[in-house]
Amino acid sequence: MLQIYNTLTRQKEYFRPLNEGRVGMYVCGPTVYGDAHLGHARPAITFDLLFRYLQYLGYKVRYVRNITDVGHLEHDADEGEDKIAKKARLEQLEPMEVAQYYMNRYHRDMEALNVLPPSIEPHASGHIMEQIEFVQKILDKGYAYISNGSVYMDVEKYAKDYHYGKLSGRNLQDIVTDTRDLDGQEEKRHSYDFALWKKAAPEHIMRWKSPWSDGFPGWHMECSAMGCKYLGEQFDIHGGGMDLIFPHHEAEIAQSCAALGHDTVHYWMHNNMITIAGKKMGKSYGNFITLEQFFSGEHKLLSRPFSPMTIRFFILMAHYRSTVDFSSEALEAAEKGLTRMQEAYSRLMSLKAGDKTTIELTNLRELCTEAMDDDLNSPIVISHLFDSARAINTIHDGKATVSSDDLAQLQATWKTFVIDILGLRMEEATADDSKLNAYKGAVDMLLNLRLKAKEQKDWATSDLIRNQLTELGFSIKDKKDGFEWSL
Ligand code: ZN
């Protein structure tokens with residue numbers, strides 16, 4: 001039976017859905033004002049694994065993953081302008097054009113990573129009414145106050161009746177010391193009060209009418225309102241990255257309890273973060289690598305391109321609650337592992353059955369299920385598959401045989417766990433990688449021939465190779481120690 005770690009109770013719990021056979025699950029999705037990076041891949045893949053496994057267990061899952069397109073989340077520190085609005089103003093675009101552009105790119109990256117689309121993908125900007133209603137409920141219950149057209153959560157009043165800080169384990173005193181958000185400080189009663197609705201400054205182009213002012217919802221409101229709308233006042237699972245525990249999810253709990261008088265979420269699940277050489281990933285650290293850069297290899301920290309399946313495998317090789325430190329070497333190791341798995345997979349699918357099984361086969365399905373039931377322990381699933389790969393290779397090498405029943409079972413188990421649950425594309429990835437490597441090898445070979453020609457002062461051949469490759473769309477740069485090319 002599935003056990004998952006609940007951040008709220010700080011322990012593993014047996015998963016018991018509210019409605020038999022059905023699961024409601026909400027995961028905080030991306031803010032669409034920039035390209036997706038490795039930090040986006042981890043929650044997407046973690047909750048994709050859960051989504052896939054719950055379906056394997058027979059549940060009907062309604063998976064809601066929102067799109068934050070009201071750019072209230074990240075403000076430009078200098079001007080206090082939201083990033084989508086700023087980009088829109090500078091490039092003379094509709095804010096929705098900016099959001100749509102990045103949303104399309106996010107979807108493209110998710111598809112490359114074989115992340116299944118959620119059941120519902122609601123946009124914050126399409127749910128302003130629901131958010132206004134939610135704010136009104138909190139005001140009606142007396143846990144919020146209006147100040148200069150903005151509405152703030154009255155955290156002190158709330159904390160008298162409910163436990164503010166129960167998810168993050170913080171108390172109000174810690175929060176006061178930690179609060180760096182100076183936004184609206186002069187309007188708030190306490191520094192830890194957070195905005196439910198913000199009055200828009202005159203230059204703010206994303207704004208909506210409300211009973212309090214022309215403005216926009218506070219940054220935690222969309223998830224409370226949309227979770228409630230699509231999954232009900234109580235639902236099973238809410239997930240996201242650990243960096244969202246405070247303030248985002250803590251605030252969501254407060255908003256829901258204040259408005260409804262009770263908790264909404266039964267199991268809070270959080271994936272750990274990815275660091276790069278031990279450091280947090282971020283634009284300011286210069287170690288910010290987008291998924292597109294991983295796929296193309298165009299970043300100084302990358303030795304070469306890595307396929308989307310390598311990224312997926314790399315993330316699944318660690319348990320979702322443990323930290324993952326990224327390096328080019330770690331990705332190369334993941335790539336080797338994936339290749340090994342792909343080799344075993346294609347061997348398994350083409351094995352011929354013998355009269356009987358002459359090798360000890362573990363009960364792979366049982367072992368993998370046990371690992372997944374243990375809080376989605378994907379690295380253990382992968383290690384069981386590698387054990388099985390050794391047996392497959394022995395049979396493939398003719399050192400053992402397998403009966404047709406055992407073979408059919410083994411093939412079905414690999415399909416279930418590798419393709420359906422871990423979501424790894426097998427054959428295609430092999431084909432793609434080998435094609436890609438062949439093409440790269442061919443271009444390198446031509447350019448090496450050109451170097452030889454230059455050494456021999458055969459300028460005609462050297463120019464011919466250069467010109468023809470350029471015509472085909474390659475850009476070639478001569479370097480002291482050789483060459484560099486890109487398409
Ligand atoms: Zn959220």
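**Close-up views of a predicted model**

**View 1. Helix 3 (95–112) is part of what covers the buried residues of helix 2.** This is a predicted model, in which local features need pLDDT of at least 70 and side-chain atom pairs count only at pLDDT 80 or more, while totals for chains, interfaces and linings use all residues. Residues are numbered from 1 along each chain as its sequence is written, and side-chain values use heavy atoms, with hydrogens and water left out. Helices are DSSP runs (H or I, at least four residues), numbered from the N terminus. Helix 2 spans residues 83–90, and its buried residues (under 20% relative accessible area, 1.4 Å probe, protein chains only) are Ile 84, Ala 85 and Ala 88. These fall within an arc of 95° seen down the axis of helix 2, so they line one face of the helix; the arc is that of the directions from the helix axis to the C-beta atoms. Gln 92, which follows helix 2, has a positive phi, near 55°.

**View 2. Arg 105 in helix 3.** Arg 105 is buried because its relative accessibility is 16%. Its side chain makes a polar contact with that of Asp 35 (2.7 Å); a polar contact is a pair of N or O atoms within 3.5 Å, and within protein one must be able to donate a hydrogen and the other to accept it, with residues adjacent in sequence counting only if both atoms are side-chain atoms. Apart from neighbours within four places in sequence, Arg 105 is in contact (heavy atoms within 4.5 Å) with Asp 35 and Glu 292.

**View 3. The zinc ion and its protein donors, Cys 28 (SG), Cys 223 (SG) and His 248 (NE2).** The donors lie 2.1 Å from the zinc ion; donors are N, O and S atoms within 2.8 Å of the metal (3.2 Å for Na, K and Ca), and water is not among the atoms, so sites may look incomplete. Cys 223 belongs to helix 7 (residues 221–231) and His 248 to helix 8 (residues 245–260), so the pair ties together parts that are 25 residues apart in sequence. Cys 223 is buried at 3% relative accessible area, and His 248 is buried at 7%.

Terms used: Buried means under 20% relative accessible area, exposed over 50%, partly exposed in between (1.4 Å probe, protein chains only). Helices (H or I, at least four residues) and strands (E, at least two) are DSSP runs, numbered from the N terminus.
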